[in-house]
Amino acid sequence: MTEDEAVDDELLTIGAFAARARLSAKALRLYDRLGLLAPTHVDEVSGYRYYRADQIERARLVALLRQLDMPLARIAEVLEAPDGAAAAARLDAYWADVEARVAGQRTLAEYLRGRLSGRSSEMYGKFVVETVDVPEQVLITETRHVLASELPAWIGASLGRLEKAAEECGGITAAPFVVYHSDVSMESDGPAESCVPVADEAAAREWVEKRGRTGETKVRVEPAQRLAYTRITKAQVAHPQILAAFEAVETWIPQQGLWQAGPCREVYFADWDAAGSEDPVCDVAFPVK
């Protein structure tokens, strides 16, 4: 008996199964190795793989999902869904992620096209840059090394934790903000520092002591300073629109005879959840002298 012959009415050799599933034997061996489609039986002596005819639909499904560039873990989630409706819902969730990523890449391509074509000044012209003097502030902070893909979730969570803690520290005295001590991108992880200004320095230090003085959470006093900033909407906070805002401020600073005196920041002065896409929510700012 050859490997390409049927063993009985139920089992198919890998060659026969591959032909019926319209796949290669190499692909089937890969699916087996990845844990996505195991043969029903493997001959201990010859090592031949045998499949059941009712595995054909699963084999074709795996191949189609891989054409969507679906990660192996997500394919396994679809295949292990309790029913067809749940499997379709998991596919919908994956595809929504894909469309969001492609939309972001499309916007980034448009942004880069403007830079490469020398139209940066047109982009920067959309932003009004001003300065503001900020008094000394007592801050409770949380610092984390974080990549760009993780940043939105971390900002929301960390500021939420600090705003709750501020109740023990005399209350919040000014808008929360995030400081970028180094670049945050898909390759660089900062760190970033979430900051909430509070009224009572002693109470803030007591709060940190109760937390065991973890490396992530601290109290610091930020001296009075001047910020150069531009105000942006909720839609403009998304990457890469926010990059243009930062660059607009960076370009404006030396034009005014000023120089950057510290790391850039995002100041969140509005209720994010209640704001609409065109509502101002954030100041993109740099300390200047």
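Three aromatic pairs are counted in this predicted model. One of them joins F17 and Y51. Their rings are stacked, with 4.5 Å from centre to centre and 15° between the planes. F17 belongs to helix α1 and Y51 to strand β3, so the pair ties together parts that lie 34 residues apart in sequence. F17 is buried, at a relative accessible area of 0%. Y51 also counts as buried, because its relative accessibility is 0% and the cut-off for burial is under 20%.

A further pair is formed by F246 and F286. This pair is edge-to-face, with the planes at 90° and the centres 5.9 Å apart. F246 sits in helix α10 (residues 241-255), and F286 sits in strand β11 (residues 280-288). The pair thus links distant parts of the chain, 40 residues apart. Both F246 and F286 are buried. Another ring, that of F269, has a charged neighbour: R231 lies over its face, at 4.1 Å from the ring centre.

Helix α1 spans residues 14-21. Its buried residues are I14, A16, F17, A18 and A21. They pack against β1 (11-13), α2, β3 and α3. Just after α1, R22 takes a positive phi of about 60°.

Helix α2 covers residues 25-33. Within α2, A27, L28 and Y31 are buried. These three cover an arc of only 100° around the axis, which puts them on the same side of α2. After α2 comes G35, whose phi is positive, near 80°.

L108 touches H239 and P240, leaving aside residues up to four places away in sequence. L108 and P240 are 132 residues apart along the chain, yet their C-alpha atoms are separated by 5.6 Å.

Notes. Residues are numbered from 1 along each chain as its sequence is written. This is a predicted model: local features need pLDDT of at least 70, side-chain atom pairs count only at pLDDT 80 or more; totals for chains, interfaces and linings use all residues. Side-chain values use heavy atoms; hydrogens and water are left out. Buried means under 20% relative accessible area, exposed over 50%, partly exposed in between (1.4 Å probe, protein chains only). Helices (H or I, at least four residues) and strands (E, at least two) are DSSP runs, numbered from the N terminus. The arc is that of the directions from the helix axis to the C-beta atoms. Contact means heavy atoms within 4.5 Å. Rings of Phe, Tyr and Trp (its six-membered ring) pair if their centres lie within 6.5 Å; planes under 30 degrees apart count as stacked, over 60 as edge-to-face and the rest as tilted. A charge sits over a ring if NZ of Lys or CZ of Arg is within 6 Å of the ring centre and within 35 degrees of the ring normal.
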